[in-house]
Structure formats: structure tokens, C-alpha cells
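Opening the notebook on a new model today.

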Amino acid sequence: ADTVSVRVVVRSRLDGTPVPGAEVIAVVDARRGLGAAGFTDRRGVARLRIPPVARIARLYVYTDAGYWSQLRRAVPVATEVACELRPIDLTRLDDGLRHALGPAGPDHGAGVRVGILDTGIDASHPDLRVAGGRNTVTGEDPTDHGDNGEGHGTHVAGIVAARGVAPGGLAGVAPGASLYSYRVFGRDGDGASNFAIAKAIDAAVADRCDLLNLSLGGGDVDPVLRAAVEDARASGTVTVAAAGNDGRRPVGFPASEATTIGVSALGRKGTYPSDSAAVLDQAKPYGKDRADYVAAFSNVGPQIDVTGPGVAVISTVPGGYGEMSGTSMACPAVVGVAARLLGSDGRLLRCRRDAGRSDALISRLLLSATSLGLPVELEGRGLPR
């Protein structure tokens, strides 16, 4: 036979209940691109057809909310394979974000406006409050700046300013900051255009946002987007951008711009389960503390200004809380620190909105960073706190 059928049954490790909607990926031969993928049904069962082999090289399980990811290696092929996922426990959460930056006070970031340029924010999430925003996608309703169904922007927003309290919720880095949602990704799943991003930056400056989070990027340098970032900085608005997730390749645009703060993704061993898919993000060299590393997926180079926790970060998603990794997660962690710093400096917060204000905030952010003992092209100035 060309393929064999395998039932993957996904349940909770806590109580054995089925986990519907989980994505299951079976890699049989990574070099040849052989494998299969599917989603679990309401009974927690995913049916895969794979080449007739003795073992599945790697079996991944991901959920949108509620559970840590799972990675299993060299899984014997059988008619049925059982996977038990670890529930996310908000009462004992010590993921990379909380470990690196510590607990947040409810007023951290108070008075600071943060623009999230992303896939939109789910304003119905109990831990999030959205003060305003705009949809800049051509052809869509400008007032529809909610989550477009991907969950990415909601996760990013929670890292910055979730206001929840355990055991029922969680807090971001700067819970007192005001969130503004600028949706630049359409509902059709296509990427964000440089025009939509530039338009969103202009709208955020008009809304007097102090910080802009760009967990996006890539592609050629665009003069319109470059000008929008430059204008924002001249107007007292600081742009922080994710370096990209291309496996140690050069920093992507616009994080590569001198007018932005470029952020790489920091990981730390022990802040996620040992069977989480995040173990594959570990990479040499390690820091002074051998648990610290910059993720294997993170782009790096001389344009990296700072690093932020970006491996297996738990944050808000539509319907609950979920794990994501990427420089997309490291970026809002740094934005949250910047919001804390600005919120604690009333003089700077009230300062005239010009390039001098932007430069002063950037200087404070960079001075707050501590080297983790990693090469400068990986960590920049280090981890801001």
C-alpha cells in the first residue's frame, strides 16, 4: 500500500477529556518532505494517512487555546496513537515572559498608548480593553479592527497589556497601558500590504500613540513605509519591530531600519514542558546562564537593538489562553517594558511630541537592557527590564 491509516487520539492529561480542533502533524521523512497533517474532531481524533514506515520521526500537536504544544519523537506506527496534552495552568505560570520580566503591577504603563499593528484584537476577551483603532485594509470596514480569526494580534496585545488576574486570567507586561488596534491583515488570510501598514502608522500617530508594535515584516524595503516610520519618530512615536523568523537570516524590514527598535527572540530552558515543541527552538550559543539562548528561528544581525522573550509565550487568544513562539512575541514584550518606563516618567510622558521625546524614550529603553552574555548580533544591548 502507498499509505497506512493512523488514528491520533488527543486528550487532556488532566482529566482525559478529548481535545477537539487540535492540529496534528506527522513528519515521516523531513528531508523528503514526507508526512501528513490534520485536525482532531469533537472526539479528539485526527485521521492521518502516512507512508508505510515503522516509526513517525516527529509527531507535533498544537492547539489554539488551553494546552501546551507537544512533540514526540520516533513514535511507533500503530492503528491508534494516543497523545495527552498538558493544560496551561495560569496559577503556576512561569513561562519565558514572566520569568524574564517578573510580575506586573496593575498600573504599569498607565497613561501610555500602544498601537498594535496586526491581525486585530479580540475586544471581547475579558483580559483585554481596546481603547480605539482602525482597519486600514483596502476594501474593508475601517471600524472593524477586531481579530480577523487568526488570533495573532490578540496574543500580541495580551503580552503588552492584558489585565487579568490568576487564577481566571493573566497579566501582560504593562497592564495599565491603553491598547489601540490597527488591523492591517485582511479577513482573507493574505499578508499585510505596506500601504495598509503605513496608513495604520499615520492613524496611530494621529491617535497620539506613544509606542507602535510591529510584529510583522519581510520583503523589500518600501519607501512609503520607511517614510511613515520616520514621520512617527519625528512625532514622538517609537516603533518597535520583530526581526523575523527565518532561521538566523538577516533582520527583516522594517526592523532593519535605523529608525525602529529591532527585536530578536530570547528563549530559556525550563520555562516550557520538556515535551513541548519549543525544545526545537533551542540553539547555541548559550548565555552566561546556560539556560538562555536566542531562538533558532530568530533573525539576527547588527540591526538587532535588544532581545525579548519569544519562545513558548502564554498570552490571550480568542476563547482563552495559548502558547505562541516568534519574534512576534518578543516584540510586544519589549514594547511592554518601554510602556513601563514611559509610564513611570511623568515628565517624559508629558513632553512635547517630537523627535527628542522619541530619542529620550529609546535611550531609556536601551539603558535598561542587560547583556545575557550572547553575541551582540543575537541580543543587541541585551534584555530590557
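What volume does the largest pocket have? I get about 590 Å³. My pocket rule, on a 1 Å grid over the protein atoms alone, is an open set of points where a 1.4 Å probe fits, with protein on both sides within 12 Å along at least five of seven lines; lining residues have an atom within 4 Å of a point. The volume is the space filled by probe spheres set on the points, which are joined across faces, edges and corners.

Note on the source: this is a predicted model, with local features needing pLDDT of at least 70, side-chain atom pairs counted only at pLDDT 80 or more, and totals for chains, interfaces and linings using all residues. Numbering runs from 1 along each chain as its sequence is written, and side-chain values use heavy atoms, with hydrogens and water left out.

Next I checked salt bridges (a side-chain nitrogen of Lys or Arg within 4 Å of a carboxyl oxygen of Asp or Glu). I count 19. Asp275 pairs with Arg86, closest N and O atoms 3.2 Å apart. These two sit 189 residues apart in the chain.

I also looked up Arg183, which meets Asp144 in a salt bridge at 3.1 Å, N to O. They are 39 residues apart, and Asp144 lies in a loop. Is Arg183 buried or exposed? Arg183 counts as buried because its relative accessibility is 0% (buried is under 20% relative accessible area, exposed over 50%, partly exposed in between; 1.4 Å probe, protein chains only). Asp144 is partly exposed at 26%. Shared partners join Glu140, Asp144, Arg183 and Arg187 into one network of salt bridges.

Methods: Helices (H or I, at least four residues) and strands (E, at least two) are DSSP runs, numbered from the N terminus.
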